[in-house]
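Q: I have this one open and have not looked at it before. Can we go through it piece by piece?

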Amino acid sequence: MTTVETCCYHCGEACENNERWLDDKPFCCEGCKLVFELLNNNGLCAYYQLNGQPGAPQRTPVRADKFAFLEDEKIQQQLIQFRNNTHTHVTFYIPQIHCSSCLWLLEHLHRLDAGVQRVTVNFARKEAQVIFQEPQTSLRKVAELLTSIGYEPYISLQDLQHKKPGINRQLIYQLGVAGFCFGNIMLLSFPEYFSGNGDIDTHLFRYLNLALSLPVFLYSAQAFYRSAWGGLKHGFMNIDVPIVLAIFVTFARSLADIATGSGAGYFDALTGIVFFMLAGRALQDKTYQGLSFDRDYTSYFPIAVTVVKGGKQLPIALPDIREGDILLIHNNELVPADGMLIQGNALIDYSFVTGEADPVPCQAGDIIYAGGRQLDGNIQLHTIKPVAQSYLTSLWNRQELQQQTHRETSFIHLLGRYFTWGVLGIAVLTAAWWAWHDPARIWPSVTAILIIACPCALLLASSFTGGHILRILSRHRLYLRNANAIERLAATDHIVFDKTGTLTDKHNTTVIFNGPPLTHAESMLAAALAAQSTHPLSQAVRSFCGNSGLPVQQFRQVTGMGIAGVVNGEHIRLGNAAFTGAGENTAGGSVVHFSVNGQVRGYFSMQNGYRKGIPGLLMQLRKKYALTVLSGDNAREEKQLRKLMGNDAALCFSQQPQDKLDHILALQKQGYKVLMIGDGLNDAGALKQSNTGISLTEDSNNFTPASDGILEARQLPLLPFYIQLCKACKRIILTSFVFSLVYNFTGLFFAVQGRLSPLTAAVLMPASSISIILITWGLSMLAGKRLHRKALQLGADEDQPFT
Amino acid sequence: MSVIILLLGASLTVGLIFLAAFCWAVRSGQFEDDYSPAHRILFDEQPEDQHL
C-alpha cells in the first residue's frame with residue numbers, strides 16, 4: 001500500500017486502495033469511474049474542467065430497476081407537468097446540484113440521449129426541468145440517465161400527494177409599485193416646496209400626487225391592513241395597528257388639505273414610509289428555496305415500492321398498497337408500511353424513528369415497523385397495515401403535532417403599544433390645550449401628531465435587523481424559519497439535546513477491541529472474514545482491522561448469530577457471544593466477539609462517536625444554561641455523557657417520542673424557555689412543543705422534521721454564538737429605535753404647535769428611515785463579525801452554503 | 001405651462017415603462033434564481049467530440 005493520499009478525479013474523496021486508474025486519473029470507486037467513462041465517451045469532459053472534482057461519490061450503486069415505477073401510467077400522470085405528441089415536461093428535484101459543473105452537465109444532457117430536448121436547471125431550488133420526446137426516450141430512461149451520471153432525482157411520496165406551493169410574489173409587486181409612486185411623488189412635490197410665491201400653479205401637481213398615492217394606499221399598504229386586521233380579530237393589538245392608523249390619518253389629512261386648498265398634503269411622507277416598511281418586510285421574509293421547514297413523513301417515504309404478485313415483481317404506488325400485499329424491500333431501502341417478515345435477513349435501523357442507535361435484527365414472523373431502514377440484503381414483508389395507518393404515520397398525525405401552539409408575542413408589539421398610548425396621550429393633551437386657546441388648530445395639530453409619531457421607526461428597525469441577522473445566521477449555516485425565531489432563540493435558558501444523531505455522529509463509529517491486543521496476523525484473519533459480509537458490524541470490523549487479501553474457505557453466515565470461515569487454515573468466527581462461545585454478554589451495546597479455533601480472543605465494541613467539538617460546546621453551555629439530554633437509546637453511555645454534561649444536567653434514556661414531548665412540557669411549566677435540538681422523527685413532537693426547535697442535518701438533502709430552524713450538523717459547536725447574535729438583535733433594534741426618537745421629537749415639536757409643514761415631514765420621514773436602515777445594517781455587521789471570528793477559531797470552514 | 005404638462009407626461013410614461021419592466025422581470029422569475037443564468041452565459045459551446 002502506498003501512503004500518498006490520492007483523490008478521486010470524479011468526487012475528490014480519498015482513494016483508499018489506490019487501484020482504480022483510467023487515463024492516468026485515479027478513482028475512489030467503480031461508480032465514479034463509470035460516470036467518468038460515460039462522460040468521456042460522449043465528449044462531456046468539460047464537466048471536470050469547469051470545477052475540479054465536481055461529482056458526488058458513487059460508492060453505493062443504485063439498483064437497476066429502482067425507477068421501474070416510473071413506467072406506471074398513474075405515477076407518470078402525477079409527475080409529468082405537460083405532455084403532448086411532441087414533448088413531455090417534467091421537473092426533478094436533484095439534491096446533488098451544487099456547482100456550475102452540475103449546471104453545465106445537466107443542461108447538456110441531450111448529448112447523452114437524443115430524446116432529451118432541453119434541460120433547464122433552477123439552481124436555487126435544485127430542480128431540473130427536462131423536456132423530452134416520447135417514444136425516443138421515456139420518463140424512466142431520463143431518470144436512469146440522470147442517475148448514471150451521478151444526479152439521481154429524489155422522488156418522494158410528497159410529489160404524489162401535493163404540488164409544491166408557488167412562491168408568493170405579491171410583496172415584491174407591492175414594493176415595486178410603492179417605489180415607483182414614492183419616487184414620482186417626491187419629484188412632483190418639488191414645485192410645491194420650491195416655487196416660492198405662486199409663480200407656478202401647483203394644483204395640477206397636487207392632484208397628480210393624489211392620483212399616484214392611490215395605488216400605494218389601496219394596493220401596496222394592503223400587507224399592513226391584513227396583518228393589523230388579523231391581529232385585531234384575535235383581540236391582539238400588534239404593531240401594524242398604529243401604523244395602519246397613521247396611514248389612514250395621513251391620507252385623510254392630505255385629502256382634506258387638497259380639497260380645501262389649504263396645503264399639498266403629506267403624500268411623499270406617506271408613500272415613502274410604506275415603501276421603506278415594505279422593503280424591510282421583503283428583506284425579512286427572504287425564504288430559503290432549497291430548504292423546507294414543514295416536511296412531513298411523506299417526503300421521507302419513497303413514491304413506490306416493489307410488490308411481489310404471482311412470482312412477478314411489480315412497482316406499485318405507495319398509497320395503493322393494501323393489507324396482505326407482499327413487499328420486497330431491497331438493501332438500504334426504507335420500510336414503507338408495517339409488515340411481518342417472511343423472508344430474508346432483516347436488520348432494521350430504527351434510529352430515525354425511535355433514536356435507538358443499534359440496528360435491530362428480526363426473525364421471520366417479527367413485525368417490522370414503517371420508517372425503519374433495512375441494512376442487510378433484500379427482505380420480503382407481508383403488509384399488515386396500509387401506509388396511512390402505520391406506526392410512523394400515526395406518530396406524525398398525533399394530536400399535539402397538529403395543533404398550533406400559542407407562542408408569546410414579540411417585544412416589538414408590546415413596545416409599539418406603549419408608544420402608541422404615549423402618542424395618543426400627547427394628542428389628547430394638545431387637543432385640550434388648543435381647545436382652550438385656539439380651537440381652529442385642533443385638527444391640524446392632532447393629525448400632525450398622529451402622522452409624525454407612528455411607530456414605523458420601530459417596525460423598520462425590527463424588520464431590517466431581523467433580515468440582517470437571518471442572513472448572517474444563514475451564512476453560518478443556521479437557517480431560521482422566520483424573524484420571530486430569533487427572539488425566541490435569544491430568550492433560551494434551557495437546552496435539550498437528543499443524543500443519537502445529534503450529539504453523536506451516525507457515520508462516525510468508533511471500534512475498540514477489548515481483550516489482549518491483536519497481532520497483525522490476527523487482524524488480517526478477522527479482516528478477511530469480515531470482508532465476506534455486508535452486515536454493518538462486519539463492515540465496521542473490517543475497516544478497523546484493515547485490508548486483507550487472504551482467501552476464505554467454508555464461509556457461512558448464520559442469521560442473527562455471526563459468520564464463520566477458514567482463513568490460512570485457522571477456524572475463525574465473528575459474531576455474538578453464543579456463536580463464538582464467549583459466554584454471557586456483559587458489555588452491552590453493539591459487540592462482535594472474535595474467536596480463533598474455538599479460542600475466544602476478545603470482542604470488538606462499536607460506539608457512535610461524539611461529533612467534533614461537542615465536549616468543548618457542552619463545557620461552555622453548562623456555565624450558562626440548564627441542560628438536558630433526552631435519548632431514545634439505552635443508558636449504556638450514561639457515564640460518558642455525565643462527564644461531558646456535568647452533574648446538574650438531567651439525563652433521560654429510553655425515551656419514547658411521547659416522553660420527550662412530556663418532558664419539554666414539564667420544563668415549560670417550570671418556566672423555562674426551552675431550546676430543543678434534535679434530528680429524527682422521534683424528536684418531532686418535542687421540536688414542535690419547545691419554544692425553539694432546531695433540527696440538525698448532515699446535508700441539505702436529509703429529511704428534517706418540522707422545526708423553527710435547520711442547522712448543519714458540523715456547525716453545532718457554534719451554538720452559543722448563534723444565541724449571542726440573536727440576543728444582539730434586540731439590542732440593535734432598541735438602539736436604533738431610541739435614535740429614531742430624536743426625529744420623532746423634532747417632528748412633535750412642530751406638530752403640537754400645528755405647524756408641521758409637508759416639507760418638514762418629507763425631510764424627517766425619509767431621513768429617519770434611512771438612518772435606521774444604516775444603523776441596523778452597521779450594528780448587525782458588527783455583531784456578525786464576532787460570530788464570524790468564532791467560526792474561524794473553531795475551524796468551521798466557510799464554503800458555499802447550500803441554499 | 002403647457003411645456004410642463006408635456007414633460008410631466010413624458011416623465012410619468014418613462015416611470016411607468018420601468019414599472020412594467022420590473023413587473024415583467026418578477027413574473028418571469030428573474031429574481032428567483034440568481035445563480036444559473038449568471039453562469040450559463042459563461043459556458044463556451046464546445047465541439048461534441050472533445051475527449052480528454
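Q: Let's start with β4(A) and strand β6 (residues 127-132) of chain A. How many bridges pair them, and is the pairing parallel or antiparallel?
A: This is a predicted model. In it, β4(A) pairs with β6 (residues 127-132) of chain A through six bridges, in the antiparallel sense. Within that pairing, His89(A) is opposite Ile131(A).

Q: Which strand forms a hairpin with β4(A)?
A: That is β3(A), and four residues lie between the two strands. β3 covers residues 80-83 of chain A and β4 covers residues 88-93, with three antiparallel bridges between them. Ile80(A) has Val90(A) as its bridge partner.

Q: OK, step back. How many helices and strands are there in chain A?
A: Chain A has 28 helices and 28 strands. Its C-alpha trace spans about 115 × 70 × 55 Å along the principal axes.

Q: And what share of chain A is buried?
A: Of its 803 residues, 44% are buried. As for contacts in chain A with a separation of 6 or more, 66% are between residues 24 or more positions apart.

Q: What about chain B, how many helices and strands there?
A: Two helices and zero strands. Chain B has 52 residues, and 0% of them count as buried. Its average pLDDT is 81, with 83% of the residues scoring at least 70.

Q: What ipTM does the predictor give the complex?
A: The ipTM is 0.86, and the pTM is 0.82.

Q: Where does α7(A) bend?
A: At Leu188(A), by about 30°. A proline, Pro191(A), follows within four residues.

Q: Which strands does β17(A) pair with?
A: One is β24 (residues 626-630) of chain A, in the parallel sense over five bridges. There, His494(A) is opposite Ala626(A). Another is β26 (residues 674-678) of chain A, also in the parallel sense, over four bridges. In that pair Ile495(A) is opposite Leu675(A).

Q: What holds paired strands together in general?
A: Strands of a sheet pair through backbone hydrogen bonds, in either a parallel or an antiparallel way.

Q: There is an open sheet of six strands in chain A too. What is the strand order?
A: The order is β8-β7-β9-β15-β10-β13, and the pairing is antiparallel. β8 (312-317) and β13 (367-368) are at the edges with a single partner strand each, so one side of each has no neighbour in the sheet.

Q: How many bridges join β10 to β15 of chain A?
A: Four, between residues 339-343 of β10 and residues 379-383 of β15, which run antiparallel. Met340(A) is opposite His382(A) there.

Q: Last one. Where does Gly265(A) lie?
A: In the loop between α10 (240-260) and α11 (267-284) of chain A.

Q: Is Gly265(A) buried or exposed, and why?
A: Buried, because 26 other C-beta atoms lie within 10 Å, and the cut-off for buried is 20 or more. Beyond its neighbours within four places in sequence, Gly265(A) has contacts that include Arg206(A), Asn209(A) and Pro758(A).

Definitions and conventions:
Residues are numbered from 1 along each chain as its sequence is written. Chains are lettered from A and ligands numbered from 1 in the order in which they are written. This is a predicted model: local features need pLDDT of at least 70, side-chain atom pairs count only at pLDDT 80 or more; totals for chains, interfaces and linings use all residues. A residue is buried if 20 or more other C-beta atoms lie within 10 Å of its own, exposed if 12 or fewer, and partly exposed in between; C-beta atoms are placed from the backbone. Two residues are in contact if their C-beta atoms, placed from the backbone, lie within 7 Å. Two strands pair if DSSP finds at least two bridges between them. The bend at a residue is the angle between axes fitted to the seven residues ending there and the seven starting there. pLDDT is the predictor's confidence in each residue, from 0 to 100.
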